[in-house]
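Here is a friendly walk through one protein chain, meant to be read with the structure open beside it.

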Amino acid sequence: MNVKLGYTIEFTAGIWWDNQLLMNNYTVTFKMTTVTKNRVNHNVALKRLQYLIQAEFTDAVFIDETDTDQIDLLRAAKVRLITLPDSPIDQILGMMLYSKCNAVMEDNMVVNSVLVSSTASDNVIVEHNDNESY
């Protein structure tokens, strides 16, 4: 049974951008398809996605992995960091969320697309989907 679902979540996180810390409010919509017939597994998959956003990304700081001096300073200050392979812009965050959320759902649901907007980007929506190569 392949049911198409959508789920929207909002969270606040920091970004290290242009040598300053900015707080950013994100809205992320996941468009998904169930892969198994097991409803319990669907619920577990969605709970994993929620946990990833709420426990790992909310109130963390997204930073480019090449900004090593600032990473060291923020870690010394006990700030929870999420390092990204490029600048912490919505497009990069969307690609990361697409990949990570598909991984945590362990083939019980598949993320078909991720739509990301944030206050720092004037709420412009970027979309990433299964037609892109990462």
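## Starting from Leu74

Once neighbours within four places in sequence are set aside, Leu74 touches Val61, Ile63, Val79 and Leu81. Leu74 itself belongs to helix H2, which spans residues 68–76. Is Leu74 buried or exposed? Its relative accessible area is 10%, under the 20% limit, so Leu74 is buried. Its C-alpha atom is separated by 10.0 Å from that of Trp16, a residue 58 places away along the chain.

Please keep in mind that this is a predicted model. The protein chain has an average pLDDT of 94, and 97% of the residues score at least 70. Confidence is highest in strand S3 (residues 61–64), with a mean of 98, and lowest in strand S6 (residues 126–129), with a mean of 92.

## The overall fold

The protein chain has three helices and six strands. Along the sequence they follow the pattern β-β-α-β-α-β-α-β-β. With a radius of gyration of 15 Å, close to the 14 Å that the globule rule gives for 134 residues, the protein chain is as compact as a globular protein of that length.

Along the principal axes, the C-alpha atoms fill a box of roughly 50 × 30 × 25 Å. Of the 134 residues, 40% count as buried. If you look at contacts between residues at least 6 apart in sequence, 57% of them join residues at least 24 apart.

## The sheet

In what order do the six strands line up? They form an open sheet with the order S4-S3-S1-S2-S5-S6, and the pairing is mixed. S4 and S6 are the edge strands, each pairing on one side only. On average, neighbouring strands of this sheet are turned by 35° against each other, direction ignored.

Both ends of the sheet are worth a visit. S3 and S4 pair in the parallel sense, over four bridges, and Asp64 has Leu84 in S4 as its bridge partner. S5 and S6 run antiparallel and are joined by four bridges; here Ser113 has Asn129 in S6 as its bridge partner.

Helix H3 lies across S1, S2, S3, S4, S5 and S6, and runs at about 155° to S5.

In soluble globular proteins, nonpolar side chains tend to be buried together. In this model, the largest nonpolar core has 30 residues, of which Phe11, Tyr26, Val28, Phe30, Phe57, Phe62 and Leu97 touch the most other members. Strand S1 (4–17), strand S2 (20–34), helix H1 (39–57), strand S4 (81–84), helix H3 (90–104) and S5 each give two or more residues to this core. The largest share, six residues, comes from H3.

Apart from this core lies another one, of six residues, including Val61, Ile63, Ile71 and Leu81. Val61, Ile63 and Leu81 are also among the contacts of Leu74, where we began.

Leaving aside neighbours within four places in sequence, Phe30 is in contact with Leu5, Gly6, Tyr7, Ile9, Leu49, Ile53, Leu97, Cys101, Val111, Ser113 and Val114.

Ser117 is found in strand S5, residues 109–118. Its relative accessible area is 9%, below the 20% limit, so Ser117 counts as buried. Beyond its neighbours within four places in sequence, Ser117 is in contact with Asn25, Tyr26, Thr27, Asp90, Asn123, Val124 and Ile125. One of these, Tyr26, is also among the core residues that touch the most other members.

Most residues other than glycine have a negative phi. Which backbone angle stands out at Asp18, then? Asp18 has a positive phi of about 55°, although it is not a glycine. Asp18 sits in the loop between S1 and S2, and its relative accessible area of 62% is over 50%, so Asp18 is exposed.

Asp107 also has a positive phi, near 65°. Its place is in the loop between H3 and S5. At 58% relative accessibility, Asp107 counts as exposed.

Technical notes: Residues numbered from 1 in each chain as written. Predicted model: local features only at pLDDT ≥ 70, side-chain atom pairs only at ≥ 80, totals over all residues. Heavy atoms only, no water. Buried < 20%, exposed > 50% of the residue type's maximum accessible area, 1.4 Å probe, protein only. Contact = heavy atoms within 4.5 Å. Core = buried A, V, L, I, M, F, W, Y, C linked by side-chain atoms within 4.5 Å. pLDDT = per-residue confidence, 0-100. Pairing = 2+ DSSP bridges. Axes fitted to C-alpha atoms, helices over the stretch in contact; angles between N-to-C directions. Rg over C-alpha atoms; globule rule 2.2 N^0.38 Å.
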